[in-house]
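Reader: I'm new to this one. Could you show me how to read it?

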Amino acid sequence: MEINQPRIRSLMRQASRVEEAGKRAAAEQLYRQILDEAPETEEAWLGLGRMTVDPAAQAEAYERALELNPENKEAKVGLADLRGEPVPEAWRKEVEAARLPEPEPEPVVKKEVVAATATAVAAPTDDHTEAYEFFCYRHPDRGTSLRCYNCHNPICASCTNKTSVGYLCPDCKRDLEDKFFNASATDYIIAALVSLPLSLIAGYLVWRLGGGFFFIFIMIFIGGAVGGLIGRLTKKAIGGRRGRYLPHLVLVMMVVGVVIPGLPILLMALAGSGGALFAFITPAVYLFVAGGSAFYWMK
Ligand SMILES: [Zn+2]
Ligand SMILES: [Zn+2]
């Protein structure tokens with residue numbers, strides 16, 4: 001049978017490496033994992049038959065392999081052995097011959113992977129490969145004892161994302177993020193259209209206040225409320241959806257909202273009229289406090 005999915009192919013490669021290394025339990029676990037996802041994988045049924053120590057599971061594995069391919073010699077031999085039935089010696093030889101010369105199909109790819117990642121990878125993961133039970137499913141040449149808590153795939157140190165519940169592989173991380181970030185492109189446009197006018201009004205008022213100590217002081221308190229309001233109104237306008245860069249977008253709008261009404265003063269300062277420095281303190285404090293608050297609400 002053709003193994004089409006790249007992931008299953010990679011898991012199969014990994015399983016046969018682990019099997020060759022003589023780690024039966026780990027190999028069995030990998031074959032079972034493959035079969036959970038792709039029960040039509042004839043090779044994985046054979047692998048399970050070779051690796052499991054439970055005769056019932058062994059028999060079932062060979063039977064499943066035979067269902068997929070009634071001509072499968074290895075499954076026939078395995079079943080006959082289990083049942084104590086005689087097997088033609090030629091079959092046994094054929095099975096052994098098929099299993100022995102395992103050609104390494106990817107020395108070139110392997111070299112590329114190693115070359116591309118050699119600098120990024122911490123040395124210890126490469127050095128003691130034999131000591132590990134599994135191989136990273138994204139880097140089959142890296143031994144590891146870490147597994148993703150979500151999909152249970154083995155992952156090397158450079159592929160892990162540490163979370164509060166355990167290590168997460170990059171694929172699962174992306175999946176979870178995709179579920180988490182549900183905003184569409186339209187939401188980004190709406191967010192910009194809502195937050196920009198609000199930011200312009202707030203920015204205009206901030207410049208009107210001027211740079212008195214009282215207003216700087218006040219800004220520390222009301223800045224958070226103003227930013228929170230902009231953030232919450234924007235969030236409401238997009239139905240509460242989340243976007244990876246929505247907080248940044250609103251922050252940019254708030255900066256624009258301060259810069260545009262302040263342009264005359266900014267230009268004067270650039271022209272060297274001086275004395276304007278004090279006028280920048282209130283808007284700066286506003287942006288710092290309100291921007292932080294809006295960013296928080298947009299998350
Ligand atoms: Zn995962
Ligand atoms: Zn890896």
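Author: Let's begin with a term: buried means under 20% relative accessible area, exposed over 50%, and partly exposed in between (1.4 Å probe, protein chains only). Helices (H or I, at least four residues) and strands (E, at least two) are DSSP runs, numbered from the N terminus. This is a predicted model, where local features need pLDDT of at least 70, side-chain atom pairs count only at pLDDT 80 or more, and totals for chains, interfaces and linings use all residues. Residues are numbered from 1 along each chain as written, ligands are numbered from 1 in the order written, and side-chain values use heavy atoms, without hydrogens or water.

Reader: Which residues of helix 9 are buried, and which are exposed on the other side?

Author: An α-helix has 3.6 residues a turn, so residues three or four places apart point the same way. In helix 9 (residues 170–180), P170, C172 and E177 are buried. They fall within an arc of 160 degrees (directions from the helix axis to the C-beta atoms), so they line one face. D178 and K179, on the other side, are exposed.

Reader: What do the buried residues of helix 9 pack against?

Author: Contact means heavy atoms within 4.5 Å. Those residues pack against strand 3 and strand 4 (167–168).

Reader: And which protein donors does the zinc ion (ligand 2) have?

Author: Donors are N, O and S atoms within 2.8 Å of the metal (3.2 Å for Na, K and Ca); water is not among the atoms, so sites may look incomplete. Here they are C136 (SG), H139 (ND1), C156 (SG) and C159 (SG), 2.0 to 2.3 Å away. H139 is buried at 12% relative accessible area, and C159 at 3%.
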